Amino acid sequence: SRVVCYSNMGKRSRQRQKNQNAGRDNRDTAGWGAGYADIIKENKLFENYYKELGLVPEGEFEQFMEAMREPLPATIRITGYKSHAKEILHCLKEKYFKDIQELEIDGQKIEAPQPLSWYPDEQAWHTNMSRKIIRKSPLLEKFHQFLVSETESGNISRQEAVSMIPPLLLKIEPHHKILDMCAAPGSKTAQLIEMLHADMDVPFPEGFVIANDVDNKRCYLLVHQAKRLNSPCIMVVNHDASCIPTLEINSNGKKDVLFYDRILCDVPCSGDGTMRKNIDVWKKWTTSNRMQSLQLRIAVRGVEQLAVGGRMVYSTCSLNPIEDEAVIAALLEKSEGALELADCSADLPGLKWMPGVTSWKLMTKEGQWYTDWSEVPSSRHTQIRPTMFPQKDSEKLASFHLERCMRILPHHQNTGGFFVAVLVKKAPMPWNKRYPKVLHLKHSHTISAAQTSSSKEAPPPPSKKMRLFGYKEDPFVFLSDDDPVFTTIQSFYDLSPDFPKLNVLTRTHEGKKRNLYMVSKELRNVLLNNSERMKVINTGVKVWSRNSEGEEFGCAFRLAQEGIYTLQPYIRSRIIRVSVEDIKVLLTQENPYLSKLEDEAHAQAQKIGMGSIVLKYIPNPNNPGEPQCPIQLCGWRGKTSIRAFVPRNERFHYLRMLGVEVFRDKQGLGQKRSDGEKDGKEEAEDAAEKDEEQEEERAADKEVDLENGNENGSSESKTDCGDKETSS
């Protein structure tokens with residue numbers, strides 16, 4: 001009987017995950033010409049439903065349907081907080097976009113990418129180019145390689161245009177505590193992280209993002225997206241959003257409930273706004289309205305955890321009022337004045353949208369219409385609920401201001417369909433006047449209690465339920481103030497006195513620590529006070545990696561490129577200031593002799609002993625031809641040589657910024673010159689080829705690490721700590 005019990009539990013759990021993932025699988029990733037077989041893009045029920053509702057302005061319905069049948073334009077977003085954003089934009093506009101403007105393929109002129117008029121600072125662009133077109137031209141193939149490489153480096157995100165709207169409307173500031181309730185696959189989460197790090201000079205913003213998803217496997221998509229941004233202020237958790245636990249924090253020595261300043265409630269939905277890229281929706285769309293109950297439960301749980309004065313954005317990729325305005329109206333009615341819709345009409349100038357509606361009807365899949373709950377026969381009361389109908393009290397309906405909701409129609413600006421509403425919390429929810437109860441999850445050992453400075457206890461063994469359902473994350477263990485690891489690291493790198501060493505954690509209780517990670521002070525507070533409530537999948541940015549032979553040079557831990565921008569402000573020694581030419585040498589030659597560096601860098605390197613180093617480029621404002629943003633690379637000073645430890649795509653990124661062409665043709669990675677010499681470009685390509693071979697060998701190990709929620713799999717390689725370091 002116990003086996004049957006577990007089986008049923010698993011079935012219910014999987015069904016709940018399936019419901020929460022419905023309509024969200026591909027919403028955040030832009031189309032880029034995904035190749036579907038020809039599907040007839042017709043659905044009479046869909047057309048009849050939306051014609052009758054009158055959501056589309058009079059005379060525009062045919063345009064609306066034509067747009068729905070067209071492929072979705074590809075869109076990209078430049079990572080705004082990175083200091084390299086301007087350099088990437090300059091590279092795109094001056095190198096790739098200019099060439100594309102003059103290009104013709106099969107007699108057809110390619111449309112040049114255009115900036116999204118409503119996205120700030122020209123950081124989002126859209127184009128009609130598909131993968132098929134990109135493959136036909138070597139120039140577009142280079143552009144495609146550029147996009148793929150920069151996406152992996154976290155400098156560009158490929159994301160649907162309408163998916164970019166909710167984070168903008170949240171109005172994030174660096175001190176905000178943010179919850180993303182249904183976050184996978186994570187492109188909106190990435191936007192939230194970017195906004196927290198608006199000031200690159202502040203390595204640890206006061207705010208943080210807790211990104212949640214119900215599906216354990218999809219949480220790893222979330223981790224992958226977040227890891228590209230190398231932030232110490234992101235935590236990925238795995239819970240059902242409709243009952244996500246209330247967390248505690250320590251505030252001035254007292255336990256306090258954690259309320260969020262901003263919440264993104266991007267709920268699962270029927271997805272009829274995604275028909276342009278999710279072609280299956282044409283065949284599968286019905287008027288079952290089965291998602292509304294879940295959507296409302298998630299939204300209610302969100303506003304319960306929102307701080308008074310905070311903002312919550314509710315969004316769907318559905319055009320259906322029953323999933324949109326009906327949920328908002330039910331939420332406003334439940335709140336009894338504690339919530340109000342914000343007027344966002346001036347927040348995104350250039351964005352075209354339709355105001356929310358105040359009346360709608362409900363249609364069954366048999367085509368029968370109902371305008372009021374009183375008309376619904378009792379036999380249908382389980383499928384059709386009172387919350388699906390408009391408010392009948394005209395005075396109360398007017399007080400809701402549903403016209404402040406925003407519906408984006410595909411034919412207005414060549415986008416997907418979308419709905420978004422911004423709620424502001426004016427007072428505690430009426431059923432929640434006092435602080436909500438803080439519940440402890442029984443038998444949850446997803447993370448063991450993070451260790452304080454004195455705790456030495458081993459973690460309890462995982463429960464049978466844990467083993468059955470796959471919660472097998474490694475623990476998050478904070479290092480104590482007097483940990484001997486710090487003694488060597490402190491002296492070797494001469495860390496400044498204000499270095500927040502209590503924020504350093506590892507993923508093991510016993511044995512040698514393989515990697516060290518850092519989180520912000522605020523996330524440390526959350527982790528330490530909620531180890532029995534949360535199923536944490538991942539948090540922290542890697543700052544040091546154990547070096548197998550490093551102890552003979554004074555420190556067993558080398559710097560990790562992922563965390564260099566977080567860590568570098570505290571490092572006061574082992575820094576070599578390098579020039580543009582030095583960086584070209586370091587990134588195109590596998591293990592150059594010290595003498596290959598220019599005189600100034602060579603002299604600095606001679607004074608530093610063997611071991612891990614920081615290679616730092618500071619821009620010269622008097623030389624605009626060089627990159628005008630700082631560059632920091634991890635490196636290794638060998639006995640007679642020096643090298644950079646930088647992942648492949650990041651290395652390509654820096655080389656492009658320095659004007660070195662990086663391109664892999666389909667036959668290989670370029671030809672050697674007949675005289676046996678190589679220029680910088682060819683050396684970069686050779687290094688890239690070696691990288692690809694090594695990355696393939698490491699792929700299996702990285703998959704194992706990923707499944708274990710373990711960040712030990714690295715895109716950087718280990719070193720032998722001498723002159724014959726392996727290629728990174």
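I looked up aspartate 213 and found it in the loop between strand E8 (208–212) and helix H9 (216–227), where helices (H or I, at least four residues) and strands (E, at least two) are DSSP runs numbered from the N terminus. The model is predicted, so I kept in mind that local features need pLDDT of at least 70, that side-chain atom pairs count only at pLDDT 80 or more, and that totals for chains, interfaces and linings use all residues. Residues are numbered from 1 along each chain as its sequence is written, and side-chain values use heavy atoms, with hydrogens and water left out.

Is aspartate 213 buried or exposed? Aspartate 213 counts as buried because its relative accessibility is 1%, the cut-offs being under 20% relative accessible area for buried, over 50% for exposed and partly exposed in between (1.4 Å probe, protein chains only). I also noted that a polar atom of the aspartate 213 side chain lies 3.2 Å from the backbone nitrogen of alanine 184.

Next I turned to aspartate 240, which sits in the loop between strand E9 (234–237) and strand E10 (248–251). Aspartate 240 is buried, at 9% relative accessible area.

In the UniProt record, an unreviewed entry, I found a "binding site" whose listed residues include Ala184, Asp213 and Asp240; such annotations may be inferred rather than shown by experiment.

Last, I traced an open sheet of 4 strands with antiparallel pairing in the order E4-E5-E1-E6, where two strands pair if DSSP finds at least two bridges between them. Its edge strands are E4 (114–115) and E6 (156–158), each pairing on one side only. Strand E1 (residues 74–78) pairs with E6 over 3 bridges, and isoleucine 78 has isoleucine 156 in E6 as its bridge partner.

How values were computed. Polar contact = N/O pair within 3.5 Å; in protein donor to acceptor, adjacent residues only side chain to side chain.
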